[in-house]
Amino acid sequence: MHDTSTGTTALPSRRTVLAATAGITAALAVQGTGTAHAASYNDKKLHALISRMTLEEKVGQLFVTRVYGHSATAPTQADIDANLKEIGVRTAAELIAKYRVGGIIYFAWAHNTQNPHQIADLSNGIQQASLGQPRGLPMLVATDQEHGIVCRVGKPATLFPGAMAIGAGGSPADAHTLGRISGAELRALGINQDYSPDADVNVNPANPVIGVRSFGADPDAVARLVAAEVKGYQSSRVAATAKHFPGHGDTVDDSHAKLPYIHHTREQWEQLDAPPFRAAIAAGIDSIMTAHIVVPALDDSDDPATLSHPILTGILRGRLGYDGVVVTDSLGMEGVRTKYGDNRVPVLALKAGVDQLLNPPSLDVAWNAVLNAVRDGELTEARLDESILRILRLKAKLGLLEDPYVSQADVDRVVGIGTHLAAADRIAERTTTLLANEGRLLPLSRRSHSKLLVVGADPASPSGTTGPPTGVLAAALTELGFQATALSTGTAPSAATVDKAVAAAQDADAVVVGTYNVTASSSQRTLVERLVATGRPVIAVAIRNPYDIAQLPTVPAYLAAYSWTDVELRAAARVIAGQVRPRGKLPVPVQRADDPAQVLYPIGYGLSY
């Protein structure tokens, strides 16, 4: 039902929904509608569905893949071309018809998440395409909506502080609220599986891939917040996904680019990495994502955890007793491609105990590899059935077997509404952490420091809908009664840029500088030191990792915001202005730059006024 005048898919009527799912309901003989009846889909009835599937349909059900386009049936020509090049199909509807995939993952760069009504329409189009197939099943529609620095759905949806900020707030109630509200908005958009929360314990400040995506360095604190967020998401009928098992928190390598090793002993793993995953399982987590990391203490084969039977079946399924859905991290990442070819990885992942195969670099290669492995006897059809049963249990629990569609009215009623935005602002206010405040410079007085210069890094918006940070800070401070001017100086300011900022500081009563992952050799250090040398009061805001202060000991006032998205920056501005008191406490220790064995600011540190 494509309305060519508007480019939107008309929402199927209740009668159409029932007709589209008639094959399912006939097979299962389930009475009634609504999620209260999800329990009616017992394993016997789900096995009946599985028994009707062809082998090709079973293989497809295991895959979750990307697809370009804002629409399931009428993407732009550029997105059609990208789909033809990467997947060999024109549209999401063609992808589903050819491969019978069980899920789609949304990305902003694939143009899936342009605005709320478009996202809901795309989701409906995907469900309609799948249910229109012979023996069609509803789809799991997933995305990485972690909030903070990993966010695929942007404004006007509600954007919350990221995990480390929530860790600084330390409130399980806030974590639950985040999950509940974000889950409700995702569900209204037709997204029913979120690859969040991050359950990694970030014990390594040099970790290039997790960092502020983690709730912190204390395993028990992380576990409490993971469990709360899981319950929040799942109360809104969105499957939460704890990641990256068995724990990606202590690495100096990025698994997107190479295969990292974690050298924890078995005892260290039990104490540091396992608690958040145990808590997620106890909270009833719907899915767990694997990590492309080697942990020799858990499996000495040098295989990444994604492909490790001892880790996924022995530990996760056996020792931890988890029987929910296991999804791989993206199979396009180098960490899982270094040892085996793309035609072996999906087969080995299934043999290890995985259920969902996420985003292989070539769907055709991966799909045919699994199909041929069954035909050749390396994988049994019964092994596929085990995973499909878990996937169908999840689809039933989420109410998708009854009605997978969403309404545009619900988008308007739920997404980005005032009460949700206000909740995000209140939560953010509880996260901003004051690390230094010499001479009680903060809160800043509008009378004595009315003219402010805001300089610093302006990294790209995680969702493409926020920022730039210097502009957001300047606008927020201006709204609070200051005269604030923004000057973007970047993450690696040149000598000329530093000179320009120093000259501009001469006309300001105080300078606010946003720092971003400052290292010993970073020219951001030069910028800040030159600004301090002007004699103007300098307030620094760490807009990513809170460790920056170790490199900048001369700054009189330092705040940690943990991310550069608008909600965190506006909260930092309110703290600077004294509208709210700083209440955040460090969820990770900050070590000395010249001697990492020495802790400058311990977990739990945070000043106030």
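Helix 9 and helix 10 lie roughly parallel to each other, because their crossing angle falls in the class of angles under 35 degrees. In that scheme, angles over 145 degrees count as roughly antiparallel, 65 to 115 as roughly perpendicular and the rest as oblique. Helix 9 covers residues 172–188 and helix 10 covers residues 219–235; they pack at about 30 degrees, with axes 7 Å apart. Helices here are DSSP runs of H or I with at least four residues, strands are runs of E with at least two, and both are numbered from the N terminus. The axes are lines fitted to C-alpha atoms, for helices over the stretch in contact, and angles run from 0 to 180 degrees between N-to-C directions.

Please note that this is a predicted model, in which local features need pLDDT of at least 70, side-chain atom pairs count only at pLDDT 80 or more, and totals for chains, interfaces and linings use all residues. Residues are numbered from 1 along each chain as its sequence is written, and side-chain values use heavy atoms, with hydrogens and water left out.

Helix 9 passes helix 10 in a right-handed crossing, that is, the near helix is turned clockwise from the far one by less than a right angle, anticlockwise being left-handed. Nonpolar covers Ala, Val, Leu, Ile, Met, Phe, Trp, Tyr, Cys and Pro, charged covers Asp, Glu, Lys and Arg, and the others, Gly among them, are polar.

Helix 10 also packs against helix 11, residues 266–282; their axes come within 8 Å and cross at roughly 20 degrees. That makes helix 10 roughly parallel to helix 11, and the crossing is right-handed. Pro219, Asp220, Val222, Ala223, Val226 and Ala227 in helix 10 meet Gln271, Leu272, Pro275, Pro276, Ala279 and Ala280 in helix 11. This contact comprises 10 nonpolar, one polar and one charged residues.

The loop between strand 9 (241–245) and helix 11 holds proline 246. The peptide bond from phenylalanine 245 to proline 246 is cis, with omega near 10 degrees.

Further along, helix 18 (residues 469–479) and helix 21 (residues 566–577) pack at about 40 degrees, with axes 9 Å apart. They are therefore oblique to each other.

I turn now to the voids. The search used a 1 Å grid over the protein atoms alone: a cavity is a set of points where a 1.4 Å probe fits but cannot get out, a pocket is an open set with protein on both sides within 12 Å along at least five of seven lines, and lining residues have an atom within 4 Å of a point. Points are joined across faces, edges and corners, and a volume is the space filled by probe spheres set on them.

The largest pocket has a volume of about 460 Å³. Of its 28 lining residues, Asp144, Arg152, His256, Asp329 and Met333 are the closest to its centre.

Arginine 100 has phi near 55 degrees, a positive value in a residue other than glycine.

Note on methods:
Contact = heavy atoms within 4.5 Å.
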